[in-house]
Amino acid sequence: MCYGAIEAGGTKFVCAVADEDLKIIKKVQIPTTSPQETFKQIFSFFDAYDLKAIGIGSFGPIGTNPNQDHYGYILTTPKKGWTNFDFLGTLKKRYDIPVVWTTDVNAAAYGELLMGAAQGKTSCLYLTVGTGIGGGVIMDGQIFQGIASPEMGHIYVKRHPQDEYEGTCPYHHDCLEGLAAGPSLEARAGIKGQDLPIDHPVWDIQAYYIAQALMTYTLTLSPEVIVLGGGVMNQDHLLRKIRQEFTTQMAGYVETPDVEEYIVRWGLPNKSGIIGSLLLAQTIS
């Protein structure tokens with residue numbers, strides 16, 4: 001019997017099966033098109049295996065409260081065709097097995113805690129900075145969530161004094177995601193993030209917003225470590241700037257570990273979510 005995992009993203013789905021030791025047997029990528037077409041390919045992949053349990057980390061917002069009618073649904077996503085889609089119900093009609101349902105960033109945080117950059121800790125915060133911004137939190141070894149899944153990319157931040165950009169978020173415009181996700185870099189500079197020179201002033205603006213958010217998360221949640229992932233974070237100079245800005249903005253108000261040990265890059269690049277989903281499947285089998 002195998003463990004199954006789905007990392008559901010707005011661009012692609014990653015599906016995997018692993019053995020009892022969580023060694024991945026096979027993994028595929030499926031383009032995120034319509035729910036019907038995407039699930040046709042999901043079923044085609046998993047039908048070949050005797051599944052024991054499935055762990056799912058999905059793009060959101062999603063319904064995570066089992067006491068609410070929209071539990072298991074993808075909610076107000078800008079991804080066409082997926083709003084109010086019963087993801088969990090569709091899957092469970094096909095496979096009558098235990099399923100863990102959570103956000104993609106929660107799954108990634110869980111993966112980083114057990115097998116990545118936060119190993120040895122009981123709490124961590126994982127923040128992905130890419131096309132969007134999202135965060136997941138683990139407290140006492142368990143995924144943290146309340147009446148809904150936290151949407152940490154949509155907090156408001158104080159504007160950089162030299163930034164007049166209106167923001168990309170279709171809901172809030174100048175929230176953290178609107179001002180600091182990947183598309184904001186290209187919108188300000190006219191150059192894709194991976195092609196921006198390291199001395200471009202937009203990086204200082206980016207670091208200012210991300211560091212400000214990390215300070216807010218630290219003051220409210222006090223995680224043992226903050227793990228940064230996502231495509232935008234594949235920049236050594238940006239990580240240095242974020243650490244410097246965090247230290248400046250925190251101004252010694254609360255004590256944290258050394259900033260180079262407190263704010264770290266992901267230990268499972270591009271694999272945190274799928275590994276975390278497999279680990280979650282293992283917890284309920």
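Strand 1 (residues 2-8) and strand 2 (residues 12-18) run antiparallel in this predicted model, and six bridges join them. One of the positions to look for is Tyr3, whose bridge partner in strand 2 is Ala18.

These two strands belong to an open sheet of five strands, in the order 3-2-1-4-7 and with mixed pairing. As you follow that order, strand 3 (24-31) and strand 7 (99-103) are the edge strands, each pairing on one side only. From one strand to the next, the twist averages 15 degrees. Which helix packs on this sheet? Helix 9 (residues 272-284) does, touching strand 1, strand 2, strand 3, strand 4 (51-58) and strand 7. The direction of helix 9 makes about 135 degrees with that of strand 1.

There is another open sheet of five strands to find, with the order 10-9-8-11-12 and mixed pairing. Its edge strands are strand 10 (142-143) and strand 12 (263-265), and each of them pairs on one side only. Within this sheet, strand 8 (residues 124-129) and strand 11 (residues 226-229) run parallel and are joined by four bridges. Leu127 stands opposite Leu228 in strand 11. Helix 6 (residues 202-221) lies across strand 8, strand 9 (133-139), strand 11 and strand 12, and runs at about 155 degrees to strand 8.

Now for the helices that meet one another. Two packed helices are described by the angle between their axes and the distance between the axes. Here are two pairs to look up:

| Helix pair | Axes come within | Crossing angle |
|---|---|---|
| Helix 1 (residues 35-46) and helix 2 (residues 87-94) | 11 Å | roughly 35 degrees |
| Helix 3 (residues 104-115) and helix 9 | 7 Å | roughly 80 degrees |

Helix 1 passes helix 2 in a right-handed crossing. On the helix 1 side, Phe39, Ile42 and Phe43 meet Phe87, Thr90, Leu91 and Arg94 in helix 2. By class, this contact has five nonpolar, one polar and one charged residues.

What about helix 3 and helix 9? Their axes cross at roughly 80 degrees, so the two helices are roughly perpendicular to each other. Helix 3 brings Ala107, Ala108, Tyr110, Gly111, Glu112, Leu114 and Met115 to the contact, while helix 9 brings Ser272, Gly273, Ile275, Gly276, Ser277, Leu279, Leu280 and Thr283. Sorted by class, the contact of helix 3 with helix 9 has eight nonpolar, six polar and one charged residues.

How values were computed: Residues are numbered from 1 along each chain as its sequence is written. This is a predicted model: local features need pLDDT of at least 70, side-chain atom pairs count only at pLDDT 80 or more; totals for chains, interfaces and linings use all residues. Side-chain values use heavy atoms; hydrogens and water are left out. Axes are lines fitted to C-alpha atoms, for helices over the stretch in contact, and angles run from 0 to 180 degrees between N-to-C directions. A crossing is left-handed if the near helix is turned anticlockwise from the far one by less than a right angle, and right-handed if clockwise. Contact means heavy atoms within 4.5 Å. Ala, Val, Leu, Ile, Met, Phe, Trp, Tyr, Cys and Pro count as nonpolar, Asp, Glu, Lys and Arg as charged, and the others, Gly among them, as polar. Two strands pair if DSSP finds at least two bridges between them. Angles under 35 degrees count as roughly parallel, over 145 as roughly antiparallel, 65 to 115 as roughly perpendicular and the rest as oblique.
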